[in-house]
Amino acid sequence: MTPTRATILPLPPNGLERSFVLLIPAPVLAAAAERQLQRLRGNLPAGAPPEDPAALAARFGHGVRDAAARAMALDAAQQVIRTQKLRPAEPPRLEFLPPGPEDEVRARFSFDLLPEVPLPALDGLAPALAAAAAAAGQGMAEALDAALLPLRRAFAPERVLPPDHAAAPGDAALLEVSAVRLLRPENLLRNPDGEGAIAARNQVPARWALAWRKEGLARVAGSGVEGGLPCVDFRFEGRVSPQVSPQLALERAGEVPAQPGDRLRFEGYWSLPAGQLPEGMRASVVLEQRGADGTLLDRLAAMLPNPGPGALLAQPFAAQFTVAAPGTTGVHPVLRLRPRDEGEVAFTLRLGGARLSHAGDTAEGEPDPALRRGRVLARLGEPEASPDLPPGLLERLEGLRVGAVLVHDTVLPPVPGQPRGEARVRAVLRQLRQPGPADDALARRLGHPDLAALRRGLSAQLRDAQADRLRAALVEELLQRAGPFAVPQVLVDAAHAPLRAALDARLAAGRLLPEERNSSPEALHAALPARAERAVRADLLLAALRQPGDAEPSAAETAPERRHAALLDRLLAENGVALPGMEQD
């Protein structure tokens, strides 16, 4: 018996994906194609000679048949969606399969469903958002001053500061800069760049040793490059004491050749990318002196400046030793961070540029073309506005006065295939300037009647920005309360595309956001999929929380906290959390 209708067969679900196969018997498809040809004949222009049905089928039959099969498959998809009350996240995807027996046409249609979003509890949001609300309402005066600063620089005449003024953040410093290449002696450390560190395995660099690693106090957190300098990160977390403290050796015991009378210099750079040292913790380097059989003969120690937050190249350390123990054949440098008392620590130490060499052998070579020379204008506190200075120098200007001379050793930009170069920069502070005041004259230059009107306009912008941050904190809290749920990949891909386009535009224009400036383009691109998925989760969750009377999401915005601002503001108000207001100007 010849089938008289198409058949829909469901396939097993795959996560959110639903797939079906449509079986169209050849006679059924032929009848549908004939109906299409009839409509085609009926659409011929008036007065055109009538087409022979056989000739019309020969000319258009193949295309009409394909169109009829596609139309039947899409109609079947809509029938399934309607009868099963499904919520697809995308239009059906259509794929024609190899034909079945008796020229049966087989088509597969599939689509991802919108997930069932778990609704979070909406009570008790105020305590959870207390920190975010307090942060949003604080520091408005400082934020307004920061917003006025670029306007003052651009539209208010600068004034020269008196010679006794100590350089401070916000000042512009005019420097006379010269640079020569440093001819360094041989580095006695065999693995100064920390090669071989693998964070995933907690594997320390070759020839290095990290104390208390097996006990869980210390671990390798990562490796990379900062300011052209290879570096390794170490994480210290747990309970420490004067007897159990962070300790890092940069060479195997006694394997750096040395003898009594040798003058050695140990130096490098370090910083704290995360966390801080507890009060009373002191940094030092210990140089162990060992005999030919490895016996410890004596120790020499020197205090070092504690590492802190900020740029790696702005925090050099150095110590000099004279080997004295009779019978010494090798030395062993060990960095220590020893607390004053027992207590908990949680910080990340970044170390780079380690060097152990014979003291007094550094020489200055020719002026280095890789660094700019002559007059350079730098802005204290704004590294991104001072690209002509080598890394680490800007931070050392604070507190200096006109006429001060600063000597700064730095790492040169890397050159593929060549060893890392170093340079010595001499910077003479010639002048300090500050932008003109924020006054009515500045406001009138910007089209406002007076300073109060300018401040009100900037205040409104700052209120909007801080409200966005509070809404974002609410979105994050709601996502955490809802817990994990699957999201359609098609929606993630759609959200990823504009994020990538916007990032590429910022990279091309050199206008990265402040939080992006310390990351490589590769790292920024790698973070986009997670951002896109988070945006989709937030959109789906907030859409599920909408109630009758809530405003429609704004189609002009892409960030969930802006698209659903009205809904989020309602939730904040219902929980007694006020949007940030502006301090009285």
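**Entry 1: Thr-348**

I find Thr-348 in strand E17, residues 343-358. Helices (H or I, at least four residues) and strands (E, at least two) are DSSP runs, numbered from the N terminus. I am working on a predicted model, where local features need pLDDT of at least 70, side-chain atom pairs count only at pLDDT 80 or more, and totals for chains, interfaces and linings use all residues. Residues are numbered from 1 along each chain as its sequence is written, and side-chain values use heavy atoms, with hydrogens and water left out.

Is Thr-348 buried or exposed? Thr-348 counts as buried because its relative accessibility is 10%. The cut-offs are under 20% relative accessible area for buried, over 50% for exposed and partly exposed in between, with a 1.4 Å probe and protein chains only.

I listed its contacts (heavy atoms within 4.5 Å). Beyond the neighbours within four places in sequence, Thr-348 touches Asp-233, Phe-234, Arg-235, Ser-271, Leu-272, Pro-273 and Ala-274. With Arg-235 there is also a side-chain polar contact of 3.0 Å. Such a contact is a pair of N or O atoms within 3.5 Å; within protein, one must be able to donate a hydrogen and the other to accept it, and residues adjacent in sequence count only if both atoms are side-chain atoms.

I also checked Pro-529, 181 residues away from Thr-348 along the chain: the C-alpha atoms are 27 Å apart.

**Entry 2: the sheet holding E17**

I read the strand order as E8-E9-E17-E12-E15, an open sheet of 5 strands with antiparallel pairing. Two strands pair if DSSP finds at least two bridges between them. E8 (218-226) and E15 (316-322) are the edge strands; each has a single partner, so one side of each lacks a neighbour in the sheet. The twist averages 30° from one strand to the next. I then followed E12 (residues 263-275), which pairs with E15 in the antiparallel sense over 7 bridges. Glu-267 stands opposite Ala-318 in E15.

**Entry 3: the other sheet**

I traced a second open sheet, of 4 strands, in the order E1-E2-E4-E3 with antiparallel pairing. E2 (residues 17-24) and E4 (residues 105-112) run antiparallel, joined by 8 bridges. Leu-22 has Ala-107 in E4 as its bridge partner.

**Entry 4: H7 and H9**

How do H7 and H9 pack? H7 (residues 451-482) and H9 (residues 521-545) pack at about 85°, with axes 10 Å apart. Axes are lines fitted to C-alpha atoms, for helices over the stretch in contact, and angles run from 0 to 180 degrees between N-to-C directions.
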